[in-house]
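Work through the exercises below with the sequence and the coordinates at hand. Each task is followed by a worked solution.

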Amino acid sequence: MSESSNSNLEQAKQEGKYIRTIRSFVKREGRLTKGQAAAIEKCWPTMGLEHKNGMLNLSEVFGNNNDVVLEIGFGMGKSLVEMAKNAPHLNFIGIEVHRPGVGACLMDADEAGITNLRIFEHDAIEVLADCIADESLTTLQLFFPDPWHKKRHHKRRIVQAEFVEKLRTQLKVGGVFHMATDWENYAEHMLEVMKVAPGFKNQSETNDYVPRPDLRPLTKFEQRGHRLGHGVWDLMFERTK
């Protein structure tokens, strides 16, 4: 980093600006199917959100004042679409950088006739920093993020103290940060971070993990894992202040 860049970074930190120091993803490009490409072309004008447009006015985006659920890294989007279909009284925002996943999600949403879902194709850290207002979310979902399973890569995991403090301000008081992972070590890491995060209360009766709530659909990947004896850990922490 150059001296001028370092100076700009320090100045921004002093001004209280949120500086992206980790990425929420590993960029994995793949070819779009014809169906995915057609869905993006058809649905993006009504369902797509652009990071470059800055802070969202959620009541304008959705045309109502319903509670908003935001999911980081929805993959191919099947569970997100199912959640939006099952809860028409809620608004959903999905963030994903994998373009085929965006196309697949839009294709499924279009086929299901869903109108309460909007999509970002962008880095979630930057979307949270630039597009989501404080106290605007009822739920923030992070399901099966990249575990960065090698110990030397643990610092790249998205669930870190700085990230958690940023999202806390964007949740309403009483709002929930819901995480799920199939890596036990990452579940332990999430729990350690959240236990000391100010302004959060664990919703687990045993002060660790919660049973998978019905609102989170069971994915085919997860069903296969259960058959193979793999565990899945859900954590739900409520903003208290």
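This is a predicted model: local features need pLDDT of at least 70, side-chain atom pairs count only at pLDDT 80 or more; totals for chains, interfaces and linings use all residues.

**Exercise 1. Helix length**

Task: State what span helix H5 should have at 1.5 Å a residue, and check this against its end C-alpha atoms.

Solution. Step 1: H5 runs over residues 99–112, which is 14 residues. Step 2: The expected span is 1.5 Å times one less than the number of residues. Step 3: For H5 this gives 20 Å. Step 4: The end C-alpha atoms of H5 are 20 Å apart, so the two values agree.

**Exercise 2. The buried side of the helix and its end**

Task: Find which residues of H5 are buried, which elements the buried residues pack against, and what follows the helix.

Solution. Step 1: Buried means a relative accessible area under 20%. Step 2: The buried residues of H5 are Pro100, Gly101, Val102, Gly103, Ala104, Cys105, Leu106, Asp108 and Ala109. Step 3: Their packing partners are helix H2 (34–47), helix H4 (78–86) and strand E4 (117–120). Step 4: Glu111 also lies in H5, but with a relative accessible area of 64% Glu111 is exposed, because the cut-off for exposed is over 50%. Step 5: Between Glu111 and Ala39 there are 72 residues of separation in sequence, while their C-alpha atoms are 9.7 Å apart. Step 6: After H5 comes Gly113, with a positive phi near 70°. Gly113 sits in the loop between H5 and E4 and is exposed at 54% relative accessible area. Step 7: Gly113 and Lys85 are 28 residues apart along the chain, and 8.5 Å separates their C-alpha atoms.

**Exercise 3. The second largest pocket**

Task: Describe the volume, the lining residues and the residue classes of the second largest pocket.

Solution. Step 1: The volume of the second largest pocket is about 230 Å³. Step 2: Its lining has 16 residues, and those nearest the centre are Met83, Leu90, Phe92, Gln141 and Leu215. Step 3: Two or more lining residues come from each of H4, strand E5 (137–143) and strand E6 (171–181). Step 4: H4 supplies the largest share, three residues. Step 5: Sorted by class, the lining holds nine nonpolar, five polar and two charged residues.

**Exercise 4. Annotated positions**

Solution. Step 1: The unreviewed UniProt entry gives the feature "binding site" at Glu71, Glu96, Asp123 and Asp146. Step 2: These residues span 76 residues in sequence, yet no two of their C-alpha atoms are more than 14.3 Å apart, so they gather at one spot. Step 3: Glu71 is found in strand E2 (residues 68–72) and is buried, at 2% relative accessible area. Step 4: Beyond its neighbours within four places in sequence, Glu71 contacts Ser79, Leu80, Met83, Ile93, Gly94, Ile95, Gln141 and Phe143. Step 5: Asp146 is in the loop between E5 and helix H7 (161–170), and its 24% relative accessibility makes it partly exposed.

**Exercise 5. A further set**

Solution. Step 1: According to the unreviewed UniProt entry, the annotation covers Lys150, Asp182, Thr219, Lys220, Phe221 and Glu222. Step 2: Asp182 belongs to the loop between E6 and helix H8 (184–195). Step 3: The relative accessible area of Asp182 is 27%, which counts as partly exposed.

Definitions and conventions
Residues are numbered from 1 along each chain as its sequence is written. Side-chain values use heavy atoms; hydrogens and water are left out. Helices (H or I, at least four residues) and strands (E, at least two) are DSSP runs, numbered from the N terminus. Buried means under 20% relative accessible area, exposed over 50%, partly exposed in between (1.4 Å probe, protein chains only). Contact means heavy atoms within 4.5 Å. On a 1 Å grid over the protein atoms alone, a cavity is a set of points where a 1.4 Å probe fits but cannot get out, and a pocket is an open set with protein on both sides within 12 Å along at least five of seven lines; lining residues have an atom within 4 Å of a point. Grid points are joined across faces, edges and corners, and a volume is the space filled by probe spheres set on the points. Ala, Val, Leu, Ile, Met, Phe, Trp, Tyr, Cys and Pro count as nonpolar, Asp, Glu, Lys and Arg as charged, and the others, Gly among them, as polar. UniProt positions are given in the numbering used here, feature names are shortened, and annotations may be inferred rather than shown by experiment.
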